Amino acid sequence: MPKPPPPAPPSPPHSPLPVLQADCGNCFALCCVALPFAKSTDFAVNKPAGTPCKNLQQDFRCSIHTRLRDTGFQGCTVFDCFGAGQQVSQVTFGGRDWRTHPGTAAAMYEVFPVMRHLHELLLYISEALALPAARPVHTQLRTAQADTARWTEATPEALATLDIGPLRQEVNALLLKASELVRAKVPGRKKNHRGADLMGARLSGADLRGANLRGAYLIAADLSGADLRSADLIGADFRDTDLRGTDLRDTLFLTQPQLNAAKGTPATQLPPHLTHPAHWLA
């Protein structure tokens with residue numbers, strides 16, 4: 001794991017912010033500026049990185065926030081920074097926004113994707129630490145959590161030098177161990193679909209308890225009524241996946257953006273920390 005950075009200089013006082021949950025009101029709309037859009041089914045227009053979206057207002061709010069899906073910006077509804085936006089805005093740059101302090105813009109845009117990776121790792125680590133069956137690796141996970149958290153407090157200069165790849169690999173190895181410990185308690189033979197191409201697969205009603213679906217391509221797959229309890233879903237692609245009536249309780253490393261990209265109903269059973277996307281109610 002990369003050596004944690006030295007402590008950053010004290011930041012200006014700021015309100016306590018949720019660490020791993022997006023708080024758009026305390027962010028300078030970094031996802032609407034720093035990241036590129038490619039015209040597709042997810043975005044109605046092309047937008048280069050570092051250019052504000054045409055729908056962004058002067059107050060950093062989106063003028064079509066309540067109509068994103070209807071106006072061709074579905075991709076915005078499935079993105080989540082896991083709290084990285086307000087961390088960069090209020091902590092890393094001490095509340096200095098890129099409009100009134102344009103000299104911060106380039107560095108802020110460079111740091112934002114790095115911070116998002118860090119927050120995503122912290123989200124997964126936190127989940128693994130809540131798994132009783134993963135107790136044998138909890139000590140290592142706590143060390144990784146502390147080291148990763150220190151990076152979120154680093155200066156822009158330090159964050160710009162961080163090679164996130166090795167850090168992700170080391171954390172992922174611990175997450176995999178945690179996953180294996182949990183899934184080993186599921187009776188019977190578990191399916192291994194790690195990284196599999198299951199685009200459009202017909203898996204309605206399938207028993208996928210304890211399955212390894214890490215990084216699986218489940219785009220437009222039919223998982224309606226399937227049982228995915230204790231399945232590892234880290235990095236699985238759920239774009240347009242049919243999750244109507246699917247049992248996703250106790251799944252491992254499932255995130256809200258994955259659900260937002262899928263199709264489901266209120267009958268879809270979710271882990272308690274996740275919510276049914278608004279468009280599922282239609």
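Are Trp 98 and Tyr 109 buried or exposed? Both Trp 98 and Tyr 109 are buried (under 20% relative accessible area, with exposed set at over 50% and partly exposed in between, for a 1.4 Å probe and protein chains only). The model shown is predicted, and local features need pLDDT of at least 70, side-chain atom pairs count only at pLDDT 80 or more, and totals for chains, interfaces and linings use all residues. Residues are numbered from 1 along each chain as its sequence is written, and side-chain values use heavy atoms, with hydrogens and water left out.

**View 1. Aromatic pairs around Trp 98.** Rings of Phe, Tyr and Trp (its six-membered ring) pair if their centres lie within 6.5 Å, and planes under 30 degrees apart count as stacked, over 60 as edge-to-face and the rest as tilted. By this rule there are 5 aromatic pairs. One of them joins Phe 60 to Trp 98 edge-to-face, at 5.5 Å centre to centre and with 70° between the planes. Phe 60 belongs to the segment before helix H1 (74–77) and Trp 98 to the loop between helix H2 (84–92) and H3, so this pair ties together parts that are 38 residues apart in sequence. Trp 98 also forms an edge-to-face pair with Tyr 109, at 6.4 Å centre to centre and 65° between the planes. Because Tyr 109 lies in helix H3 and Trp 98 in the loop between H2 and H3, the pair ties together parts that are 11 residues apart in sequence. Ring pairs link Phe 28, Phe 60, Trp 98 and Tyr 109 into a cluster.

**View 2. Helix H3 and its kink at Phe 112.** Helices (H or I, at least four residues) are DSSP runs, numbered from the N terminus.

**View 3. Leu 176 in helix H6.** Leu 176 has its place in helix H6 (residues 164–183), and this leucine is buried, with a relative accessible area of 17%. The C-alpha atoms of Leu 176 and Pro 36, which are 140 residues apart along the chain, are separated by 31 Å.

Technical notes:
The bend at a residue is the angle between axes fitted to the seven residues ending there and the seven starting there. Helices (H or I, at least four residues) and strands (E, at least two) are DSSP runs, numbered from the N terminus.
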